[in-house]
Amino acid sequence: MQNYDSISDTNLIRFLRDGDSSVMEYLLEKYKPLVRKKANTLFLFGGDTDDLIQEGMIGLFKAIRDYDESVGAFYPFAELCINRQIYSAIESAARKKHGPLNSYVSLSGGEEQTEGTYPVDLAAANEVNPEKLLIDRENAEDFLAGLAEHLSEMEQAVLDHYLEGLNYHQIAERMGKPDKSIDNAIQRIRRKVQENDFHT
């Protein structure tokens with residue numbers, strides 16, 4: 001793949017529309033960590049984040065396909081498209097009343113938010129309307145701060161890495177722990193989220 005690192009996203013999309021098909025692969029790989037990070041802020045009960053990552057990648061593809069320079073920079077537009085696709089998948093699964101996306105707990109927040117993006121509210125976990133899932137960054141940070149009081153040092157480290165977009169195996173490598181230990185820590189965090197209300 002050609003090295004596009006020094007070229008702006010706007011120019012890359014111009015190249016794509018002029019026939020350079022390899023740009024699509026480059027942009028999908030470039031923004032895949034963003035998709036993974038967004039998906040990892042949702043803990044799916046009885047499942048994993050694969051479904052949300054797939055939905056997020058669809059949103060990213062649509063962003064690349066539909067981007068218009070008049071809307072501003074590509075990054076916030078892509079982030080908004082990714083969020084919308086993920087929220088749409090959650091709403092659809094809730095309407096159907098089945099599937100791994102039917103119940104979830106949000107662990108969003110603690111990151112720099114770009115205008116036009118929204119963290120998901122734990123308190124709204126049973127709502128089916130995505131508009132009701134939107135809260136401000138301060139509330140999300142309050143939730144994470146409250147949760148932190150109930151986590152061990154290891155659990156907090158695991159959660160921090162998980163929200164960075166790392167998967168179980170990557171966290172295990174970084175922390176020098178077995179994969180099973182990381183999996184167990186994630187399950188303990190999930191239980192603590194379900195058993196406590198960290199909103200004031």
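**A buried glutamate and the salt bridges of the chain**

Glu155 has a relative accessibility of 3% and therefore counts as buried, the cut-off for that class being under 20%. The structure described here is a predicted model. In this model Glu155 takes part in a salt bridge with Lys192, in which the closest N and O atoms are 2.7 Å apart. Because Glu155 belongs to helix α6 and Lys192 to helix α8, this pair ties together parts of the chain that are 37 residues apart in sequence. Glu155 also forms a salt bridge with Arg188, and here the closest N and O atoms lie 2.6 Å apart. Arg188 is in helix α8 (residues 179–195) and Glu155 in helix α6 (residues 153–163), so the bridge connects parts separated by 33 residues in sequence. Through shared partners, the salt bridges join Glu155, Arg188 and Lys192 into one network. In contrast to the buried Glu155, Arg188 is partly exposed, with 27% relative accessibility.

The number of salt bridges in the model is seven. One of them pairs Glu69 with Arg14, with 2.8 Å between the closest N and O atoms. This pair links distant parts of the chain, 55 residues apart: Glu69 is in the loop between α3 (50–66) and α4 (74–96), and Arg14 is in helix α1. Glu69 is partly exposed at a relative accessible area of 40%, and Arg14 is likewise partly exposed, at 40% relative accessibility.

Two packed helices are described by the angle between their axes and the distance between the axes. For helix α1 (residues 9–17) and helix α2 (residues 22–40), the axes come within 9 Å and cross at roughly 145°. On the α1 side the contact involves Asp9, Leu12, Ile13, Phe15 and Leu16, which meet Val23, Met24, Tyr26, Leu27, Lys30 and Tyr31 of α2. By class, nine residues of this contact are nonpolar, two are charged and none is polar.

Over the whole chain there are eight helices and two strands. Their order from the N terminus is α-α-β-α-α-β-α-α-α-α. Of the 200 residues in the chain, 42% are buried. Among contacts with a separation of 6 or more, 60% are made by residues 24 or more positions apart. The accessible surface of the chain amounts to about 10,500 Å², and carbon and sulfur atoms account for 45% of that area.

Key
Residues numbered from 1 in each chain as written. Predicted model: local features only at pLDDT ≥ 70, side-chain atom pairs only at ≥ 80, totals over all residues. Heavy atoms only, no water. Axes fitted to C-alpha atoms, helices over the stretch in contact; angles between N-to-C directions. Helix = DSSP H or I, 4+ residues; strand = E, 2+ residues; numbered from the N terminus. Contact = heavy atoms within 4.5 Å. Nonpolar A, V, L, I, M, F, W, Y, C, P; charged D, E, K, R; others polar. Buried < 20%, exposed > 50% of the residue type's maximum accessible area, 1.4 Å probe, protein only. Areas by Shrake-Rupley, 256 points an atom, 1.4 Å probe, with all protein chains shown as cover. Salt bridge = Lys/Arg side-chain N within 4 Å of Asp/Glu carboxyl O.
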